2 protein chains.
Amino acid sequence: MRFEPVAPVRAYERVVEQIEQAVVSGALKPGERLPSERELMTQFGVGRSTIREALRVLQAAEMIRSRPGDPRGPEVLAASPAALHRSMHRLARADHVGLAELLQFRMILDGSAHLLAAELRTEDDLTGLDAALESMREGVSRGYAEFSRADVAFHEVIARISRNPLLVVSEEVVRGVVLELIEDKLEHASNRTSLMRAWLAHHAEVLDAIRAADGGGAAHLAKQALYDNYAEYVPAGQRPLLTPLLQS
Amino acid sequence: MRFEPVAPVRAYERVVEQIEQAVVSGALKPGERLPSERELMTQFGVGRSTIREALRVLQAAEMIRSRPGDPRGPEVLAASPAALHRSMHRLARADHVGLAELLQFRMILDGSAHLLAAELRTEDDLTGLDAALESMREGVSRGYAEFSRADVAFHEVIARISRNPLLVVSEEVVRGVVLELIEDKLEHASNRTSLMRAWLAHHAEVLDAIRAADGGGAAHLAKQALYDNYAEYVPAGQRPLLTPLLQS
DNA sequence: ACAAGTACACTGGTCTGACCAGTAGCCTGC
DNA sequence: GCAGGCTACTGGTCAGACCAGTGTACTTGT
């Protein structure tokens with residue numbers, strides 16, 4: 001017989017627990033309102049600071065939102081990937097996670113997203129991709145910022161077609177962190193126009209593979225493109241981490 | 001010229017921002033201590049309730065931990081996947097992320113981890129895997145709980161060999177969430193011994209592929225095993241989401 | 001009758017001050 | 001040298017207060 005160590009349970013944790021339970025059980029649906037802090041304080045039988053700390057925790061988890069002056073009370077929010085985004089972002093910026101690991105992870109996610117997109121795409125999806133590619137083409141002549149935004153939009157369409165929110169969020173986060181790490185180096189790139197043309201050509205190729213429902217081909221193109229574009233920023237000693245992904 | 005809507009910035013948010021910045025920039029390393037609440041209150045020039053709400057937010061993000069009575073003050077924690085786990089768990093229990101998406105994501109992660117492991121494994125890694133497999137073999141006769149723990153250990157070794165913390169953490173989190181979702185169904189499985197034997201055989205097969213440095217083979221085996229074991233719990237209509245991943 | 005404007009009751013955000021139980025380290029007494 | 005108590009702190013909680021802001025209901029002007 002072993003005994004478990006007991007942790008003291010704070011009052012605000014009990015409050016969080018009860019409210020969270022009400023939300024995940026569906027007793028409180030998104031859009032509904034919590035009682036005001038002063039009302040909660042009498043219902044739970046604790047002081048207002050305790051209630052407020054509990055609400056802060058729930059607010060940090062994107063479960064509720066409170067606005068000063070609103071007599072209807074704090075609002076229950078729908079589940080959103082924002083909290084996932086934040087915690088993954090924090091983890092990715094921590095130590096032991098360098099550009100090599102991020103790029104490796106992104107190759108995995110991007111490759112899989114392209115594979116799924118090629119297999120699952122509908123006709124509507126294809127027209128959406130056509131439109132995204134078209135605005136990239138326009139973006140070439142309208143400056144790097146515009147082009148970059150169109151590029152992001154293209155990737156988002158791909159991720160959406162794969163119909164997996166986890167994939168979408170993870171890829172978005174990793175892409176953001178990668179760009180943060182190398183944006184200063186990208187700034188100095190002199191031949192940005194030719195880079196944009198190369199990117200455009202690559203996306204056209206990917207779109208062809210997706211249209212042909214060639215999942216393996218699309219995945220390989222995506223991973224190869226990431227490698228070609230970013231591997232130069234990875235320390236040479238770590239590049240062997242990336243090459244195995246290019247084979248499949 | 002467009003103007004952005006401005007959101008009122010709360011005092012506690014500024015406090016969170018500054019402390020978080022100090023942590024991610026490395027000015028405050030894990031194990032170090034923050035000043036006491038009363039000291040922070042004078043440094044930031046705000047009241048204690050504001051400081052406490054900020055600390056609650058940071059604590060909910062697993063960045064700090066405070067114990068009453070400790071004169072050294074709140075402790076800065078190392079980056080941990082706990083927050084990621086919580087937010088992914090919450091998202092998984094919400095709509096739009098069901099078992100199908102989780103399993104799909106896990107097939108991607110697990111497959112990639114096995115691929116990388118097969119390509120990057122050293123001799124030491126192989127002996128580690130042999131040991132893990134051996135304790136699984138022992139676990140068969142020592143009950144499901146023991147076997148399950150050895151199974152988890154095996155997966156952790158695989159993930160570690162792939163040398164990518166993001167992959168390790170993501171896989172761990174997704175595996176945990178998947179198990180939570182179906183653990184009640186697994187409880188009732190009558191033929192657990194034969195299930196364990198099948199799992200064991202599969203792991204031996206995977207280990208052979210890794211030993212042979214056959215990345216594609218190991219990845220395919222891993223994904224196929226996940227599909228074989230868990231697809232029955234996925235609604236039939238969503239199973240086509242999983243099959244494309246088995247082809248590569 | 002209706003629109004515009006105003007008053008009010010209430011919201012969340014913040015501060016102050018207080019009390020409590022508990023801890024870590026010092027400091028005594030042996 | 002060491003066991004035991006002492007003390008100055010810690011975080012957890014509560015109570016009460018003030019403020020700027022909001023939504024609503026009511027009043028007012030037309």
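Trainee: How are α4(A) and α4(B) oriented to each other, roughly parallel or roughly antiparallel?

Mentor: Start with the crossing angle; over 145 degrees counts as roughly antiparallel. This is a predicted model. Here the axes of α4 (residues 82-93) of chain A and α4 (residues 82-93) of chain B cross at roughly 155° and come within 9 Å. The two helices are therefore roughly antiparallel to each other.

Trainee: Which hand does the crossing of α4(A) and α4(B) have?

Mentor: The crossing is left-handed.

Trainee: Which residues of α4(A) and α4(B) meet?

Mentor: From α4(A) come A:Ala83, A:Leu84, A:Ser87, A:Met88 and A:Leu91. They meet B:Ala83, B:Leu84, B:Ser87, B:Met88 and B:Leu91 of α4(B). By class, this contact has 8 nonpolar residues, 2 polar and no charged.

Trainee: Now the whole interface. How many residues does each chain bring to the contact?

Mentor: Chain A brings 41 residues and chain B brings 41 residues. On the side of chain B that touches chain A, the elements giving two or more residues include α3 (48-60), α4 and α8 (165-187). α5(B) gives the most, with 8 residues. That side of chain B holds 23 nonpolar, 10 polar and 8 charged residues.

Trainee: How are the two copies related?

Mentor: Superpose one on the other, then read the turn and the shift. Chain B goes onto chain A by a turn of 179° and a shift of 0.2 Å along the axis, with an RMSD of 1.0 Å. The copies are thus related as by a two-fold rotation axis. Next, compare the surfaces: 98% of the interface residues of chain B are also interface residues in chain A, so the copies meet through the same surface.

Trainee: Let us look inside one chain. At what angle do α5 and α10 of chain A pack?

Mentor: Read the angle and the axis distance together. Helix α5 (residues 99-120) and helix α10 (residues 215-230) of chain A pack at about 150°, with their axes 7 Å apart. They are therefore roughly antiparallel to each other. The crossing of α5(A) past α10(A) is right-handed. Among the residues in this contact are A:Leu103, A:Met107 and A:Asp110 of α5(A), and A:Ala222, A:Lys223 and A:Tyr227 of α10(A). The contact of α5(A) with α10(A) has 11 nonpolar, 5 polar and 4 charged residues.

Trainee: Where in chain A is confidence lowest, and where is it highest?

Mentor: Check the chain average, then the elements. Chain A averages a pLDDT of 88, and 96% of the residues score at least 70. Confidence is lowest in helix α8 (residues 165-187) of chain A, at a mean of 82. Confidence is highest in helix α3 (residues 48-60) of chain A, at 96.

Definitions and conventions: Residues numbered from 1 in each chain as written. Chains lettered and ligands numbered in written order. Predicted model: local features only at pLDDT ≥ 70, side-chain atom pairs only at ≥ 80, totals over all residues. Axes fitted to C-alpha atoms, helices over the stretch in contact; angles between N-to-C directions. Helix = DSSP H or I, 4+ residues; strand = E, 2+ residues; numbered from the N terminus. Parallel < 35°, antiparallel > 145°, perpendicular 65-115°, else oblique. Left-handed = near helix turned anticlockwise from the far one by under 90°. Contact = placed C-beta atoms within 7 Å. Nonpolar A, V, L, I, M, F, W, Y, C, P; charged D, E, K, R; others polar. pLDDT = per-residue confidence, 0-100. Least-squares fit on C-alpha atoms with pLDDT ≥ 70 in both.
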